[in-house]
Amino acid sequence: MLDKKTQARLEELIAKRRYTLTKGIYITHRYVNDWAQRKWKEDGWDDIRPDHLRLISIISIEPLNINELSQRARVSKQAMSKMVATLIDKGFISYETDPKDSRSKIISITKEGVDFMFYFISCSEIIKADFETIIGAKKTAQLIDILTELSEGILERERKLWTSR
C-alpha cells in the first residue's frame, strides 16, 4: 500500500506517461514489428526478422564489410556474422573479397535482396492504410513527413559519427 504522497505522485506519473514521445514510439514500433512478423510468416518469409531487414537496408545503400555493418547496425561482429550467414543462405546478400584488404569480405545486396526490399515497401503501404483507419489519411501523411524528417536527421548525425571514427 502506498502512502498518500506516493499515490499522488504515481497518479501524476500515469497521467504524464500517456503523452510521452517514448511511449508512442515504443507502442508503434511494437505494433509494426508484430504485424510485420506475422505478415512475413504468412507470405513465406518465416525466418526473416526485423534485424535482418536492417542489415539489408544498410547494404542496399552501399556494400560494406562486417565491421562497418556491425557498427552501423549497432550489433556485435558475432551477431552480424550470424545475420550475414542467414541472409547469404537465403540469397539476399552476397560477398566478395575486399580489393583493399584480402582478409576482409565486402557484403552487398543481390537481386533477391532487392526483391525483398520491394516486398517490404508493399508491406509498408499496408501499414500506412492501417494507420489511416486509426488516425486518418491527413494525419498519417503528416506522421510520415515528420518521421522521414526525423529519420533523415538522425541518419545524418550517425553518418557524421561513422566518418569521424
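Q: What should I keep in mind about the numbering, the atoms and the pLDDT limits?
A: This is a predicted model, in which local features need pLDDT of at least 70 and side-chain atom pairs count only at pLDDT 80 or more, while totals for chains, interfaces and linings use all residues. Residues are numbered from 1 along each chain as its sequence is written, and side-chain values use heavy atoms, with hydrogens and water left out.

Q: How many salt bridges does the structure hold?
A: Side chains of opposite charge can pair when their charged atoms come close. A salt bridge here is a side-chain nitrogen of Lys or Arg within 4 Å of a carboxyl oxygen of Asp or Glu. By that rule the structure holds seven salt bridges.

Q: Where do Glu12 and Lys16 lie?
A: Both lie in helix α1 (residues 4-17), four residues apart, about one turn of the helix. Helices (H or I, at least four residues) and strands (E, at least two) are DSSP runs, numbered from the N terminus. Glu12 and Lys16 form a salt bridge, and their closest N and O atoms are 3.1 Å apart.

Q: Is Lys16 buried or exposed?
A: Buried means under 20% relative accessible area, exposed means over 50%, and partly exposed is in between (1.4 Å probe, protein chains only). Lys16 has 54% relative accessibility, so it counts as exposed.

Q: Which parts does the pair of Arg72 and Glu62 tie together?
A: The side chains of Arg72 and Glu62 meet in a salt bridge (2.8 Å, N to O). Arg72 lies in helix α4 and Glu62 in the loop between α3 and β1 (64-65), so the pair ties together parts that are 10 residues apart in sequence. Glu62 is partly exposed, with a relative accessible area of 31%. Another salt bridge joins Arg49 to Asp51, with 2.9 Å between the closest N and O atoms; Arg49 is partly exposed, at 40%.

Q: Which residues touch the most other members of the largest nonpolar core?
A: In soluble globular proteins, nonpolar side chains tend to be buried together. A nonpolar core is a set of buried Ala, Val, Leu, Ile, Met, Phe, Trp, Tyr and Cys residues joined through side-chain atoms within 4.5 Å. Of the 25 residues in the largest one, Trp40, Leu55, Leu69, Ile93 and Phe116 touch the most other members. Two or more residues of this core come from each of α2, α3, α4, α5 (77-90) and α6, and α6 gives the largest share, six residues.

Q: Is Phe92 buried or exposed?
A: Phe92 counts as buried, at 3% relative accessibility. Phe92 is placed in the loop between α5 and β2 (93-98). Among the residues that Phe92 touches, leaving out those up to four places away in sequence, are Trp45, Ile56, Leu87 and Phe116. His52, in helix α3, is buried too, with a relative accessible area of 1%. With that sequence limit, His52 touches Asp47, Met83, Thr86 and Leu87.

Q: Where does Arg74 lie, and what is its phi?
A: Arg74 lies in the loop between α4 and α5. Arg74 has a positive phi of about 60° although it is not a glycine. Arg74 is exposed, with a relative accessible area of 61%.

Q: How much space lies in the largest pocket?
A: On a 1 Å grid over the protein atoms alone, a pocket is an open set of points where a 1.4 Å probe fits, with protein on both sides within 12 Å along at least five of seven lines, and lining residues have an atom within 4 Å of a point. The volume is the space filled by probe spheres set on the points, which are joined across faces, edges and corners. For the largest pocket this gives about 2100 Å³.

Q: Which residues lie nearest the centre of the largest pocket?
A: They are His29, Phe120, Leu147, Ser151 and Leu155, from a lining of 43 residues. Helix α7 (137-164) is one of the elements that supply at least two lining residues, and the largest share, 13 residues, comes from α7.

Notes
Contact means heavy atoms within 4.5 Å.
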